[in-house]
Amino acid sequence: MNQAARKRLAAMALFLLICLPFSLAQAQTVKVTGKVTDNLNEPMIGVSIVEKGTTNGCITDIDGNYTLNVNQGATIIFSYIGYVTQEKQAVAGVMNIVLKEDSETLDEVVGQRHILGEGGLLRRIIESEQIPNLVFYGPSGTGKTTVANIIARQTNRTLRRLNATTASLSDVKDVIGEVGTLMAPNGVLLYLDEIQYFNKKQQQSLLEVIERGDVTLIASTTENPYFYVYNAVLSRSTVFEFKPVEAADVLPALSRAFRLMGERLEGEPEVEDGVAGHIASACGGDVRKAMNAVELLMNAALPDKSGKLR
């Protein structure tokens with residue numbers, strides 16, 4: 001090997017010694033996994049999880065689970081329309097996240113002015129903090145779960161949620177077992193979703209505790225409760241109808257949704273005239289459906305030269 005070749009080899013070795021450790025440090029990633037739930041401990045599907053400042057991301061699956069490889073020390077953004085966005089520093093291993101709904105007060109609930117507006121009966125009951133057993137009925141996406149969350153926060157009660165499509169008598173007994181314990185010092189508020197799927201025996205298991213007041217029941221259903229809810233439960237409850245949300249009430253929620261999505265995607269959305277109005281009308285009074293439409297449109301939008309999302 002001649003002298004020139006030895007010099008080239010030495011230079012190459014020096015380059016590798018200096019640059020390779022730097023490249024490896026730059027490329028070091030960590031694997032982050034976990035589950036995203038709401039404040040009722042229900043898994044959240046389709047939550048956007050993005051490494052801040054990059055296009056690296058994923059969404060949660062049907063069980064609320066996610067897996068993402070990110071640069072060590074990066075910031076991860078967890079966001080879902082209608083919920084408060086969270087930012088967490090990446091840590092290798094398990095990162096379970098609880099997202100809270102944006103609507104923290106009754107004034108922020110979309111629609112239902114007939115029962116939640118100033119002087120509305122349900123609003124006055126909630127403000128008194130003397131909560132009876134309640135049955136909420138109405139279409140999906142009209143705020144039943146949101147109002148149950150607000151009641152639990154405002155009355156400082158332990159909230160437990162069951163879905164009648166999957167819950168069993170043992171699940172009901174587990175909730176009842178928390179009464180009088182340190183887990184529920186101010187009492188238990190049981191939110192029973194889709195109560196129409198509980199049979200007569202399952203509904204009867206609630207009677208004793210709701211009559212004594214050990215457990216406050218808030219049942220929700222998309223069906224007429226006078227046909228699907230056991231009469232003895234109805235006689236111990238107050239029924240409120242949640243109506244499809246008017247398009248005029250959906251519009252402010254859409255404006256907020258576009259703004260939040262713009263912040264998530266780090267770009268200003270440019271919404272053409274008539275788009276929000278069309279979504280508000282086409283959602284059929286289902287606010288959740290309108291939020292999903294906004295998320296779909298924003299994720300498909302492309303930034304122009306000025307940075308606006310179109």
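Predicted model: local features only at pLDDT ≥ 70, side-chain atom pairs only at ≥ 80, totals over all residues.
Me: Which residues of helix H3 are called buried, and how do you know on which side of the helix they lie?

Reply: Leu122, Arg123, Ile125 and Ile126 of H3 (residues 121-128) are buried, a term that requires under 20% relative accessible area. Around the axis they cover an arc of only 160 degrees, which puts them on the same side of H3. The buried residues of H3 pack against helix H2 (113-116), S9, helix H4 (144-155) and S13; each of these is a partner in the sense of heavy atoms within 4.5 Å.

Me: Why is Thr55 called exposed?

Reply: The relative accessibility of Thr55 is 85%, and the term exposed applies over 50%. Thr55 therefore counts as exposed. Thr55 belongs to the loop between strand S2 (48-51) and strand S3 (57-59). Thr55 and Leu265 are 210 residues apart in sequence, with their C-alpha atoms 9.3 Å apart in space.

Me: What makes strand S12 largely enclosed by the rest of the structure?

Reply: Seven of the seven residues of S12 (residues 215-221) are buried, so the strand is largely enclosed. Burial applies to both directions: Val215, Leu217, Ala219 and Thr221 point one way, Thr216, Ile218 and Ser220 point the other way, and all are buried.

Me: How do you know that S12 pairs with S9 and S11?

Reply: Pairing requires at least two bridges. Strand S9 (residues 134-137) is joined to S12 by four bridges and runs parallel to it; Phe136 has Ser220 of S12 as its bridge partner. Between strand S11 (residues 188-193) and S12 there are five bridges, again in the parallel sense, and Leu190 stands opposite Leu217 in S12. Both counts meet the requirement, and S12 therefore pairs with S9 and with S11.

Me: Why are S10 and S13 placed at the edges of the sheet?

Reply: The open sheet has five strands in the order S10-S11-S12-S9-S13, with parallel pairing. Strand S10 (158-163) and strand S13 (238-241) each have a single partner strand, so one side of each is left without a neighbour in the sheet. On average, neighbouring strands of this sheet are turned by 20 degrees against each other, direction ignored. S10 pairs with S11 over six bridges in the parallel sense, and Arg160 stands opposite Leu190 in S11.

Me: How do you know how the buried residues of H12 are arranged around its axis?

Reply: The buried residues of H12 are Val287, Ala290, Met291, Val294, Glu295 and Met298. Viewed down the axis, they fall within an arc of 140 degrees, so they line one face of the helix. Residues three or four places apart in an α-helix point the same way, because there are 3.6 residues a turn. Leu296 and Ala300 are exposed on the other side of H12. The partners of the buried residues are helix H10 (247-265), strand S14 (268-269), helix H11 (275-282) and strand S15 (308-309).

Me: How does the span of H12 compare with the expected value, and what makes Asp286 a cap?

Reply: H12 (residues 287-300) has 14 residues and reaches 20 Å from its first C-alpha to its last, close to the 20 Å expected at 1.5 Å a residue. A side-chain oxygen of Asp286 lies 3.0 Å from the backbone nitrogen of Arg288, and the limit for a polar contact is 3.5 Å. Asp286 caps the N-terminal end of H12.

How values were computed
Residues numbered from 1 in each chain as written. Heavy atoms only, no water. Helix = DSSP H or I, 4+ residues; strand = E, 2+ residues; numbered from the N terminus. Expected span 1.5 Å × (residues − 1). Buried < 20%, exposed > 50% of the residue type's maximum accessible area, 1.4 Å probe, protein only. Arc of directions from axis to C-beta. Polar contact = N/O pair within 3.5 Å; in protein donor to acceptor, adjacent residues only side chain to side chain. Axes fitted to C-alpha atoms, helices over the stretch in contact; angles between N-to-C directions.
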